[in-house]
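I opened this model to look up a helix pair, the nonpolar cores and a few backbone details. My entries follow in the order in which I looked.

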Amino acid sequence: METPFSTRWFLPALSGVLLALSFPGPPLEGLASLYHPQWAYVGLLPLFFALQNGEKRHALYSGWLSGFTFNLLCLYWVAYTQGGGSAVVGGTLLLAIYLGLFVAIWALVIRKIVAHWGIFGWLAAPTLWTTQEYALSLGELGFPWLLLGHAQSGQTNLIQFASITGVYGVSFWVVSINVLLFLLCYAHGTQRAALGIALVALFALPWTHARSAINQGTPAQSLRIALIQPNLSMEEKWGYGGLERSLERLERLSYETVARRPELIVWPETALPCYLALTADCRRQTAALVDEINIPLLTGASHYDRTLQQPYNAAFFLQPNRVEIPHYAKMHLVPFGERTPYRDRIPLLELIDWTKLTGDLGPAEFAPGRQRTIFSHERANFAVLICFESVFPDLVRRHVLGGAQVLINITNDSWFGRSAGPYQHALLNAMRAIENRVAIARSATSGQSLFIDQFGRRYQTSEIFTEAALVGNVSVAQSGSFYSRNGNVFAHSCLLFSAFCFIALRVRNRTNP
């Protein structure tokens with residue numbers, strides 16, 4: 001009997017839509033109420049029903065359709081990236097196709113498990129899902145933007161356990177809720193009662209833990225930071241006279257904050273359209289500002305190593321009356337945006353002229369930074385996350401493990417226009433704060449700039465595409481969290497369990513052909 005249309009097409013696609021609704025959407029009036037993180041609690045249910053009732057041979061496709069729909073609806077803004085052409089639209093489709101494969105593989109494996117061990121084989125779904133999300137974060141093509149746990153970053157009264165498990169534990173929790181709701185549809189009697197109790201516990205325990213964690217309070221020591229949001233377009237910054245325009249606006253907004261006595265001023269990613277260490281006029285004028293106002297400055301700018309003959313996307317720390325300017329070079333670059341993945345390992349990739357394919361969005365071919373830099377301020381040690389780096393849990397926690405007491409994210413999200421992109425990107429930082437129990441200050445060229453405390457609570461959030469100069473206090477962490485110190489123990493445990501499931505399936509298939 002042929003699988004019904006609703007099972008093969010509608011239900012998987014519906015899961016993709018519901019999961020997409022759990023992430024921030026486009027800033028369009030009237031649509032905001034449609035988007036809420038709690039959609040994720042039921043987002044996988046339609047896919048579960050499709051896999052349970054459909055033919056095994058359709059499992060791979062059903063999973064892919066859910067993943068493709070989910071990623072395309074959430075990442076549509078990539079296709080609108082400023083400067084791109086039709087190839088960027090095609091690239092967005094390819095991105096959704098690629099990311100959908102991770103869900104497809106998950107669906108195939110869980111369907112096989114359920115076929116062998118019955119409906120309660122669905123209890124393996126959270127572990128397997130966590131494994132595929134962890135795999136999604138690895139390598140130069142890693143893109144863990146849409147982890148289900150990231151959608152919950154604003155649910156600070158429930159997800160404080162991320163300081164132990166990382167975001168992967170939150171994803172496990174979300175899928176577990178879906179699984180228990182799904183099993184309730186098939187259970188009866190005592191089974192139904194037990195599942196109901198387990199479902200209540202899935203909310204009660206995280207809520208109790210979060211309340212206890214937040215009630216412990218914040219560290220007494222703080223660092224007062226000014227975040228500058230210049231709101232300069234690509235044309236204004238990189239066109240003729242762009243350096244002068246950039247410095248004029250950055251200086252004006254910085255002067256506005258002086259009366260509020262910040263202890264550190266932060267300018268966004270590539271705020272200065274120059275090689276700061278090599279451009280004498282740019283360096284002299286920026287240093288003169290720092291000396292005059294007597295406040296240290298962190299700014300994004302390009303860097304070029306003459307010895308290695310390599311460019312870098314970097315952040316520089318200027319201090320009053322200091323000649324030396326320590327810097328940090330971005331370690332994880334945006335694939336195809338800032339660097340062609342694996343170009344060092346596959347020589348043929350160096351021959352591709354991406355500019356002809358994507359217009360102004362050809363990779364800048366920055367070199368990845370190799371050294372983790374912890375900047376020393378008299379009030380606190382801090383580390384910088386440049387744009388895309390805030391998406392990677394392990395990279396961030398290694399900064400904290402290296403001694404960072406405050407994290408600063410500098411970014412340029414103006415590429416994404418008035419879309420969901422800037423809001424999604426800002427939200428991810430809240431999860432990094434919770435994971436490491438470290439406060440974050442975020443300066444964006446066009447927004448959102450904001451402060452985040454160590455419990456992920458956001459405050460003083462700017463609007464996008466407006467000038468802003470925010471001043472606020474961030475707490476100085478005395479130590480990191482369990483996750484900071486021990487890393488992805490939870491994700492690795494899920495990986496081991498998934499390997500066990502795979503081996504068990506292979507053995508069962510051989511003994512019961």
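The entries below go from the helix pair to the cores and then to the backbone.

**Ground rules.** I am working with a predicted model, in which local features need pLDDT of at least 70 and side-chain atom pairs count only at pLDDT 80 or more, while totals for chains, interfaces and linings use all residues. Residues are numbered from 1 along each chain as its sequence is written, and side-chain values use heavy atoms, with hydrogens and water left out.

**Helix pair.** I looked up helix α4 (residues 59-74) and helix α5 (residues 86-117), whose axes come within 6 Å and cross at roughly 140°. Helices here are DSSP runs of H or I with at least four residues, strands are runs of E with at least two, and both are numbered from the N terminus. The axes are lines fitted to C-alpha atoms, for helices over the stretch in contact, and angles run from 0 to 180 degrees between N-to-C directions. The angle therefore makes α4 oblique to α5, given that under 35 degrees counts as roughly parallel, over 145 as roughly antiparallel, 65 to 115 as roughly perpendicular and the rest as oblique.

**Cores.** I then turned to the largest nonpolar core, which has 108 residues, and noted that those with the most contacts inside it are W106, I110, W122, W173, I225 and L298. Such a core is a set of buried Ala, Val, Leu, Ile, Met, Phe, Trp, Tyr and Cys residues joined through side-chain atoms within 4.5 Å; buried means under 20% relative accessible area, exposed over 50% and partly exposed in between, with a 1.4 Å probe and protein chains only. Helix α9 (residues 167-184) gives the largest share of this core, twelve residues. A second, separate core of 24 residues includes I228, L243, L289 and I295.

**Backbone.** I found a cis peptide bond between G447 and Q448, with omega about 0°, and placed Q448 in the loop between β10 (440-444) and β11 (450-452).

N294 has a phi of about 60° and is found in the loop between α13 (280-293) and β4 (297-305); at 54% relative accessibility, N294 counts as exposed. F465 has a phi near 55° and sits in the loop between β12 (458-459) and β13 (468-475); at 21% relative accessibility, F465 counts as partly exposed.
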